[in-house]
Amino acid sequence: MRFGKIDYLNLLPFEVFVRAYPKLSQFQLFYNKKKSYPAHLNKEFLFQRIDAGFISSIAALRAKKERFQATNIGIIARKRVISVICLPEERGDDYQSATSNALLRVLGLKGRVLIGDRALVEVLQQEQNFREKGKGVTYLDMGEKWVQKEHLPFVFGRLCVRENKEFYAKLMRAFAKKKKIKIPYFMLKNTESKSGVEAKEILNYLQVLSYVIDKKAWFGVERFYRKLRILGIKPPKRF
């Protein structure tokens, strides 16, 4: 029951849900032990050091070959995403995300990729500078660019499962039924303190995300995978 958890704000609703969900003791034991950024969890999952977890969408391409299940739960942007950006005046991949680095190439953009809470802080800082000092906003929201180009949602991460599939199937069905998850005040304040992002901004950010891969989001996944094949971009692998 080794679960890998992305340690970003975008999974705060899932964290709240899991705390209240009736869990097996083995799951509870390991739940907080394996938390990191997506690219690291890709390796942990492909090397079978974890049995399930949210990994990069590009890594989920290996589901058939590696014989694991890529589920209908993910991290989805339907307009903006805010936490996956390109800084056009700089250059370089983000070591924390294989999907976002690939998306930069798929979109034909030039710049440095920045993801997660660091990207969110950068966006908020740029927008504050614009309001207060009139400085221009230089970041490009990569989720927004994808939607403008393809008219489909973009799925940045997917919950993938290798073992204990029955347990995770029940957990995913229960999570998918949750229309709205309220973040407890104490968790919101703890997250604010840890991330440096104000509570109101955290809530605003979470409103741009969804977690159930519906029919339109599936089309987005397939479109992304098709473009990867056309461009010859390979998914992460063990060796």
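Helices, as counted here, are DSSP runs of H or I with at least four residues, and strands are E runs of at least two, both numbered from the N terminus. By that count the chain in this predicted model holds 11 helices and 9 strands. The briefing below moves from the whole chain to its sheet and then to two individual residues.

**Overall dimensions**
- The chain has 239 residues, for which a compact globule would have a radius of gyration near 18 Å. The value for this chain is 17 Å, which agrees with that expectation.
- The C-alpha trace spans about 55 × 45 × 30 Å when taken along its principal axes.

**Burial, contacts and surface**
- Buried residues make up 52% of the 239 in the chain.
- Among contacts with a separation of 6 or more, 79% are between residues 24 or more positions apart.
- The accessible surface amounts to about 12,500 Å², and carbon and sulfur atoms contribute 51% of that area.

**Charge**
- The chain carries 48 positive and 23 negative charges. The mean position of the positive charges lies 7 Å from the mean position of the negative charges.

**The sheet**
- Six strands form an open sheet with mixed pairing, in the order β2-β1-β3-β8-β4-β9.
- The edges are taken by β2 (35-36) and β9 (209-212). Each of these has a single partner strand, so one side of each is left without a neighbour in the sheet.
- Within the sheet, strand β4 (residues 69-77) and strand β8 (residues 154-161) run antiparallel and are joined by 6 bridges.
- Ile-75 stands opposite Gly-157, a residue of β8.

**Asn-42**
- Asn-42 belongs to helix α3, which covers residues 38-46.
- The relative accessible area of Asn-42 is 2%, and buried means under 20%, so this residue counts as buried.
- Leaving aside residues up to four places away in sequence, Asn-42 touches Ile-55, Ser-56, Ala-59, Ala-98 and Pro-236.

**Lys-227**
- Lys-227 is located in helix α11, which covers residues 215-231.
- With residues up to four places away in sequence set aside, Lys-227 is in contact with Val-106, Trp-146 and Glu-150.
- Val-147 is 80 residues from Lys-227 in sequence, and the C-alpha atoms of the two residues are 14 Å apart in space.

Methods:
Residues numbered from 1 in each chain as written. Predicted model: local features only at pLDDT ≥ 70, side-chain atom pairs only at ≥ 80, totals over all residues. Heavy atoms only, no water. Rg over C-alpha atoms; globule rule 2.2 N^0.38 Å. Buried < 20%, exposed > 50% of the residue type's maximum accessible area, 1.4 Å probe, protein only. Contact = heavy atoms within 4.5 Å. Areas by Shrake-Rupley, 256 points an atom, 1.4 Å probe, with all protein chains shown as cover. Lys, Arg positive; Asp, Glu negative; His and termini not counted. Charge placed at Lys NZ, Arg CZ, Asp CG, Glu CD. Pairing = 2+ DSSP bridges.
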